[in-house]
Amino acid sequence: MNERETLKINEKGHLEIGGADCVDLASKFGTPLYVFDEAYIRKMMRVYRETLAKKYDGNGLVLYASKAFSCQAVYRIADEENIGIDVVSGGELYTALKAGFPAEKIYMHGNNKLDYEIGEALDAGIGCIVADAYSEIDKIDAEAAKRGKTQKILLRINPGVEAHTHAFVQTATTDSKFGFSLADGTAESATAYALNKKHVRLEGYHCHIGSQIFEKQSFVIAVEKCIDFAAEMKQKYGFLLQTLNLGGGYGIWYTDEDKKIAPEGYAEYVEALIEAVKAKAAEKGLSLPFLLIEPGRSIVGEAGITLYTVGAIKDIPAVKKYIAVDGGMFDNPRYALYQSKYTPVLANRADEECTEIVTIAGKCCESGDLIAVNVSLPKAETGDILAVLSTGAYNYSMAMNYNRNMIPPCILVNAGKAEYIVKPQSYEDVNRNDVIPERLKKTK
Ligand SMILES: Cc1ncc(COP(=O)(O)O)c(C=O)c1O
């Protein structure tokens, strides 16, 4: 097991997260269970915030990309840590506002924001909307006009840097549902379009080149392209870049194929961005813009694990050994979606040698319902507690009720103490919105 700050093996040979014994957590809260270490989340938020403060005179803001894990408690932590957030739907906005998150530090994204979502954002007075299409610029302008307001916006631009985990490629054409492309001229025409609107104020640009990226150079190239573009827009339209949002995407450790970066190590990504912004802005004679970064996965990903109980074990000689757990794609659809890789650990025997190659399967009625394929474990037995590591991002937020399974609860561990931050669902919750039309009601 990769020794990580938030995890350790205690004297009983059990896995601990944030000072809490995972076997105790499983017996107190049941499984499947999402567990988050608050200290790790706070530390990551601080590393980003302090780097912007120290290296960029605080002329910027960290936005937690809350699509990674959205619930009221995580918004409270972000607020206490003095950072902003981004939201991508009315639902995330509602959740943040309900948690008392300050509206002016909320940025809204999305490639197809609905009229009512834009209305809700304007009514709440959120800081900024990132427009992704001409029709959105129109809608924001119209909704702002109705309310007698002027709304700050950024344009999402697509710099044509396609980043992969360990490499990047620059593309001349851009095939993405997100943003206005630099290559095909739509970023320029959208700039001119937005500058002509009365009720929007174009403050700058946003770009997000991808996720789970380790290669700093990918981010640097994107920065250079954005600032080159801003300089061109200054020349052509007199547009002054005030804000530059560089998105998120910093990679995390899922398995030993990934780099393991300590929380402090993520400062290097922000430093690389800052250096590139300073150098390019100086070269182009632009003032330094207010800088935004939007990490999501790196803030909560390694802070979270999922605990399961091992159930049926199916050994197909010379083929595969399946270890089935009481969760599955309904709490973690990422293998089914992208063949994502994870590291499992037997939480009750975390000090034992791995002796077998197994596949962790879920309980859904779907052959592709797998959590981790061909991974090493000690010989697992029914009743063992299995922890899957680095599940804090894009697991709970992507959970669903497939097969009418109940979405597991989330608990937050703080100095060894655990509390619910999302309560367990019941069968009643899963049935809450069902309606039987009168004509289908059972009569006898
Ligand atoms: C616009 C935008 N910003 C930020 C993020 C967060 O990325 P990550 O969680 O990889 O840091 C995403 C993720 O998809 C995104 O689309």
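Predicted model: local features only at pLDDT ≥ 70, side-chain atom pairs only at ≥ 80, totals over all residues.
Figure 1. Gln339 is found in the loop that joins α11 (334-338) to β18 (344-346). Its phi is near 55 degrees, a positive value in a residue other than glycine.

Figure 2. The phi angle of Asn374 is positive, near 55 degrees, although the residue is not glycine. Asn374 is exposed because 11 other C-beta atoms lie within 10 Å.

**Figure 3. The peptide bond between Thr31 and Pro32.** The bond from Thr31 to Pro32 is cis, and its omega is near -5 degrees. Pro32 is located in the loop between α1 (22-29) and β4 (33-37).

**Figure 4. Helix α8 and the residue that follows.** Helix α8 covers residues 216-237. At 1.5 Å a residue, its 22 residues should span 32 Å, and the C-alpha atoms at its ends are 31 Å apart, so the two values agree. The buried residues of α8 are Ser218, Phe219, Ala222, Val223, Lys225, Cys226, Ile227, Ala230 and Met233. Gly238 follows α8 and has a positive phi, near 70 degrees.

**Figure 5. The shell around the ligand.** The ligand is surrounded by 15 residues. The closest of them are Ala65, Ser211, Gly248, Gly296 and Arg297. Sorted by class, the shell around the ligand contains 8 polar, 5 nonpolar and 2 charged residues.

**Figure 6. The contact between domain 1 and domain 2.** The domain assignment of the protein chain places residues 7-31, 304-391 and 393-423 in domain 1, and residues 38-299 in domain 2. The contact takes 15 residues from domain 1 and 15 residues from domain 2. On the side of domain 1 that touches domain 2, the elements that give two or more residues are β22 (410-414) and β23 (417-422). Strand β22 provides the largest share of this side, 4 residues. By class, the residues on this side of domain 1 are 9 nonpolar, 5 polar and 1 charged. The centres of domain 1 and domain 2, taken over C-alpha atoms, are separated by 33 Å.

**Figure 7. The protein chain as the setting for the close-up views.** The secondary structure of the protein chain comprises 12 helices and 23 strands. Along its principal axes, the C-alpha trace spans about 70 × 60 × 40 Å. For 444 residues, a compact globule would have a radius of gyration near 22 Å; the protein chain has 23 Å, which agrees. Of the 444 residues, 49% count as buried. Among contacts in the protein chain with a separation of 6 or more, 69% are between residues 24 or more positions apart.

Technical notes:
Residues numbered from 1 in each chain as written. Near = placed C-beta within 6 Å. Nonpolar A, V, L, I, M, F, W, Y, C, P; charged D, E, K, R; others polar. Expected span 1.5 Å × (residues − 1). Buried ≥ 20, exposed ≤ 12 C-beta atoms within 10 Å, placed from the backbone. Rg over C-alpha atoms; globule rule 2.2 N^0.38 Å. Contact = placed C-beta atoms within 7 Å. Domains from an automatic or database assignment.
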